[in-house]
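This report describes a single structure, with attention to its sheet, its helices and its charged pairs. The sequence and the structure are shown first.

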Amino acid sequence: GGGLLFLSGQVAQDPATGELIDGDVRSQAHQILRNIATALEAAGKDLGDVLRVGVYLADMSDFAAMNEAYREHFAEPFPARTAIGVAALPLGAAIEMDVVVG
């Protein structure tokens, strides 16, 4: 039936190695969204089912670069989004995202 799926915060890990990928916040955002899409596929969902995205940035000046990647993975109307600046993220990541899926 219906219900919501809550996907925990994801950083830009290479699925093969578990290591944080090299690259800027835009590259990391793309990797996170690819990883989320793969996880959702396993649940019979896709990025079009995402209702809300939480974005955690180690540097809020990276917002525009994150937003570019975001717009490439999601279609309008875009999911609701909250972007929060944080002091540090796991593995020294520049960005972390979590999602709520309907």
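## A buried loop residue

Val11 is placed in the loop between β1 (5–10) and α1 (25–42); helices (H or I, at least four residues) and strands (E, at least two) are DSSP runs, numbered from the N terminus. The model is predicted: local features need pLDDT of at least 70 and side-chain atom pairs count only at pLDDT 80 or more, while totals for chains, interfaces and linings use all residues. Residues are numbered from 1 along each chain as its sequence is written, and side-chain values use heavy atoms, with hydrogens and water left out.

With a relative accessible area of 6%, Val11 is buried; buried means under 20% relative accessible area, exposed over 50%, and partly exposed in between (1.4 Å probe, protein chains only). Leaving aside residues up to four places away in sequence, Val11 touches Leu20, Ile32, Asn35, Pro90, Leu91, Ala93, Ile95 and Glu96, where contact means heavy atoms within 4.5 Å. Between Val11 and Leu33 the C-alpha to C-alpha distance is 9.5 Å, at a separation of 22 residues in sequence.

## The sheet

Four strands make up an open sheet of mixed pairing, in the order β1-β4-β2-β3; two strands pair if DSSP finds at least two bridges between them. The edge strands, each pairing on one side only, are β1 and β3 (80–85). From one strand to the next the twist averages 10°; axes are lines fitted to C-alpha atoms, for helices over the stretch in contact, and angles run from 0 to 180 degrees between N-to-C directions.

Strand β2 pairs with β3 in the parallel sense over six bridges. On this side, Val53 has Arg81 in β3 as its bridge partner, and Leu57 stands opposite Gly85 in β3. Strands β2 and β4 run antiparallel and are joined by seven bridges, with Arg52 opposite Val100 in β4. Because six of the eight residues of β2 are buried, this strand is largely enclosed by the rest of the structure.

## Helices on the sheet

Helix α2 lies across β2, β3 and β4 and runs at about 150° to β3.

## Salt bridges

The structure holds three salt bridges, each defined as a side-chain nitrogen of Lys or Arg within 4 Å of a carboxyl oxygen of Asp or Glu. In one of them, the side chains of Arg26 and Glu68 meet at 2.9 Å, N to O. This pair links distant parts of the chain, with Arg26 in helix α1 and Glu68 in helix α2 (residues 63–73), 42 residues apart. Arg26 counts as partly exposed at 28% relative accessibility, and Glu68 is partly exposed with a relative accessible area of 43%. Arg26 also forms a salt bridge with Glu72, whose closest N and O atoms are 2.4 Å apart. Since Glu72 lies in helix α2 and Arg26 in helix α1, the pair ties together parts that are 46 residues apart in sequence.

Asp98 and Arg52 meet through their side chains in another salt bridge (3.8 Å, N to O). Asp98 lies in strand β4 (residues 95–101) and Arg52 in strand β2 (residues 50–57), so the pair ties together parts that are 46 residues apart in sequence. Asp98 counts as buried at 17% relative accessibility, whereas Arg52 is partly exposed at 30%.

## A nonpolar surface patch

Leu4, Phe6 and Leu51 form a nonpolar patch on the surface, and together have about 340 Å² of accessible area. Patches are made of residues with over 30% relative accessible area and no salt bridge, like charges being joined within 9 Å and nonpolar side chains (Val, Leu, Ile, Met, Phe, Trp, Tyr) within 5 Å. Accessible areas come from the Shrake-Rupley method with a 1.4 Å probe; for residues, only the protein chains shown count as cover.
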